[in-house]
Amino acid sequence: MHSSSRKSSIGIYLTLILLDWYCGAVSGQLSYSVSEEVNPGTSVGNIAKDLNLNVQDLETRMFQIVTGSKRKYFERKYFEVNLKTGVLYVNERIDREELCAKAAKCSVSVEAVINDPLKLYRLEIHILDVNDNAPLFNEKSQSINIAENTSPGVKFALSEVVDADIGKNTVTTFKMTPNEYFTLAPVRAGDSMSAELVLQKALDREKQSVIHITLTAIDGGIPPKSGTSQVIIHVLDINDNPPIFSSPLYKTRILENVPIGTTVIRLNASDADEGANSEIVYSLRDKGQDNILNVFQIDPKTGIITVKGSVDFEENAAFEIRAEAMDKGQPPMAAHCKVLVEVIDLNDNAPEITVTSLLKTVKEDANVGTAIALVSVLDRDGGENGEVRCEIRNKSPFKLETNYKNYYSLVVHEALDRERVSQYNLTITATDEGIPPLSSSSVITVHVSDVNDNSPRFSETVINVYVKENSPIGTTIKTVSAVDADVTENGQVSYTFLDSNSNLLPLSRMVNINSETGDIISLQSFNYEELKTFQFKVQATDSGVPPLSSNVTVNVFILDENDNSPGILAPYSDHGSVNSENIPYSAEAGYFVAKIRAVDADSGYNALLSYHISEPKGNNLFRIGTSTGEIRTKRRMSDNDLKTHPVVVLVSDNGEPSLSATVSIDVVVVESTGDIQTQFRHVPIKEENFSDLNLYLLISIVSVSVIFLLSFISLIAVKCHRTDSSFSRYSAPMITTHPDGSWSYSKSTQQYDVCFSSDTLKSDVVVFPASFPPVDAELISINEGDTFNRTQTLPTKEKVRTIRITNRLMLKKDGYIALT
């Protein structure tokens, strides 16, 4: 049937048609023609040239053949593209008869896809028939019984001849060996052709009872092919009237999938003879009709053809049944007819969905219109039953774009966000237009891949860290953490320092940060008295390309610890020196002896000092103000008192644990005030009589004091108004007072407010800073007396002091200013 010599001589016919297509993703359609049976590797056309594509781009842009329109094409891939040359070539042997049977036109539709940007091309390749099939009779040898009294002109049907080729390559003529009795009469029925024997001369059984004829069928191919069948004619005795059908050709229509036993048609034949010679038996010819005999059967008596097997429009759209009517005469005579059965399509096939993925994953920043898959739908039904509409059932940022009939592109329709949805399960439903409509669904899983579109995020913009002074080196003072919504390397965060506002030490000498965990570790032990606060920024950076980052400001506040003992101020601060004070023997109770001044480098309650006489024990001659440090007599001197009284004063702070310092003073009792020599003494003179002169002097002093005080207050108000904005950046200072009205101060360098106290002749300036945090500062006022209340909570102690300033006298003495 197929010879190599004929294959080598088969030509290739090529036509090229380029059609512009209205859809955005489809650039056009190419039409090629190629003969069947060409050798694999035969060029069909240069598809790159015809599509105006650069050959060098075919591989990089992933040019490929993705689908076909014939079901058999899905099983065998007949065409491929050489990506080096752009040539479309035959990949496997093509048999047009296998693909399209007797169809007048045979074509294979395929899709070519190229990416970046996506373009789709439809290729329709017409398969041209070649004369590769010779005519073939259903019976190699056929026998015909003819009565000897048959009149000339009677025709006798011959065996059917089949040629798988079409057009001019099918059977065109018949020949037979020369004889004196018969000639051939061609019979054409639609696209098929057969022959009948025509009796030209009366037979004579006694002269020749058997006649042998060789029948030859010749097609119109170049070169022509032929097939033969041996016809054996038996000359019988008379039964001179054959049956006659009411029509040589019957036509009918039936629905596909009709039940077995359904009546198709009733044949009717008659015989002019009488008796047994007129009794007719109907049958279906069993030669060359195996498929027909599996589907239909005929009642031999009534001629009713019924359905025997499955009738499927998709398998056979029509049937050609050959029936025979034979009488019971001797010899029997027969007649033949054809029955053409058209099968009416029913909507019994749901659409079939085929998905070809173009991308394994879709980046979340993919542009709208990016194609991720090709969807093709095939419905084997015909007409409206085969018309299909396709849609995505569930809501998603994707849509189907129509390329051409029953071919779609699945494209991105809206912006994607992997952090919101990382995977989509798309249900694609195809529904035909039949009644009732049939549908099928296919689920496509689309994975969205991550891109670095989220920077690390801190939960706060500013972080306050409180660190106790003297904490060990290597202490983790804070762990900062940033969250990145991305994944893999795009979500891996590392931490670094940006800068610092500290001018004292480089940041690299104070703290370090673990780039992976965000742990901030101290590199030194902090001293509150040297550094109270510093600031820096931490940057969190992901590992994406390009990397994204964000910052957080870290404020570090050093918390004061009680690590400094009180320091005694001059003139009692010289270690190892003997301090002495003289008092007159006539000193009254409450006589001022000396004042101990001390300072503590700490802050807050750690710098709040108290004074006590520790030696001698049980001393009943002197007392000391616990907060002022003023030593005074408790009573008048007596003759039994010693002349020299050693006094040891203990100065303690209010920290936990408390730290202290001591000072020793020898108090010497002298006979008269003239022997008293001290720069610290200022004893008020008590006058027994209050004269008019004293009254005038007092009024003058009060008037001058009021004028000076008003001027001083005005000056302070102007200064405060000008510097209000500059003071606003400092925290409110904490002012510490003692129950008897004197004030202590710290060495810490920062902005101070000044307040004053009364109650004694010697008063001190208030210079006491606030500790961090600022909100914990306390407001202090005093009453005259040794008792006070606390009503506000400090950072480490629940101590609050309520104060009221009552007196108004400004006194300057010994370099100190006090307001009373």
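Visitor: How exposed is Phe 708?
Guide: Phe 708 is partly exposed, with a relative accessible area of 45%. Buried means under 20% relative accessible area, exposed over 50% and partly exposed in between, with a 1.4 Å probe and protein chains only.

Visitor: What kind of model is this, and how is it numbered?
Guide: This is a predicted model, in which local features need pLDDT of at least 70 and side-chain atom pairs count only at pLDDT 80 or more, while totals for chains, interfaces and linings use all residues. Residues are numbered from 1 along each chain as its sequence is written, and side-chain values use heavy atoms, with hydrogens and water left out.

Visitor: And Phe 712, what is its accessible area?
Guide: Phe 712 has a relative accessible area of 29%, so this residue is partly exposed.

Visitor: How many aromatic pairs are there in the whole structure?
Guide: A search of the whole structure gives 10 aromatic pairs. Rings of Phe, Tyr and Trp (its six-membered ring) pair if their centres lie within 6.5 Å; planes under 30 degrees apart count as stacked, over 60 as edge-to-face and the rest as tilted. One of the pairs is Phe 458 with Tyr 495: the ring centres are 6.5 Å apart and the planes stand at 55°, so this pair is tilted.

Visitor: Are Phe 458 and Tyr 495 buried or exposed?
Guide: Both Phe 458 and Tyr 495 are buried.

Visitor: Back to Phe 708 and Phe 712: how are their rings arranged?
Guide: Their centres lie 6.4 Å apart and their planes meet at 20°, so the pair is stacked. Phe 708 and Phe 712 are separated by about one helical turn because they are four residues apart in helix 8 (residues 692–722).

Visitor: Which rings form a cluster?
Guide: Phe 497, Phe 526, Phe 534 and Phe 536 are linked into a cluster by ring pairs.

Visitor: What lies over the face of Tyr 528?
Guide: Lys 532 does, at 4.8 Å from the ring centre. A charge counts as sitting over a ring if NZ of Lys or CZ of Arg is within 6 Å of the ring centre and within 35 degrees of the ring normal.

Visitor: A new topic: which residues have the most contacts inside the largest nonpolar core?
Guide: They are Val 34, Ile 47, Phe 63, Phe 79, Leu 88, Leu 123 and Ile 127, in a core of 29 residues. Elements that each supply at least two residues of this core include strand 2 (26–35), helix 2 (47–50), strand 5 (79–82) and strand 6 (87–90). Apart from this core lies another, of 27 residues, among them Ile 280, Ile 321, Ala 335 and Val 343. A nonpolar core is a set of buried Ala, Val, Leu, Ile, Met, Phe, Trp, Tyr and Cys residues joined through side-chain atoms within 4.5 Å.

Visitor: Which face of strand 5 is covered?
Guide: The covered face carries Phe 79 and Val 81, and the uncovered one Glu 80 and Asn 82.

Visitor: How does strand 5 run against strand 6?
Guide: The two strands run antiparallel and are joined by four bridges; two strands pair if DSSP finds at least two bridges between them. Glu 80 has Tyr 89 in strand 6 as its bridge partner. Strands 5 and 6 form a hairpin with four residues between them, and Gly 86 in the turn has a positive phi of about 80°.

Visitor: Where is the disulfide?
Guide: The structure holds one disulfide, which joins Cys 100 to Cys 106 with an S to S distance of 1.9 Å. The term covers a pair of cysteine sulfur atoms within 2.5 Å. The link of Cys 100 and Cys 106 is right-handed, with 65° about the S-S bond, and both cysteines are buried.

Visitor: What is the strand order in the open sheet of four strands?
Guide: The order is 10-17-16-13, with mixed pairing. Strand 10 (141–147) and strand 13 (171–176) are the edge strands, each pairing on one side only.

Visitor: How many bridges join strand 10 to strand 17?
Guide: Seven bridges join them, and the two strands run parallel. Ser 143 has Ile 232 in strand 17 as its bridge partner.
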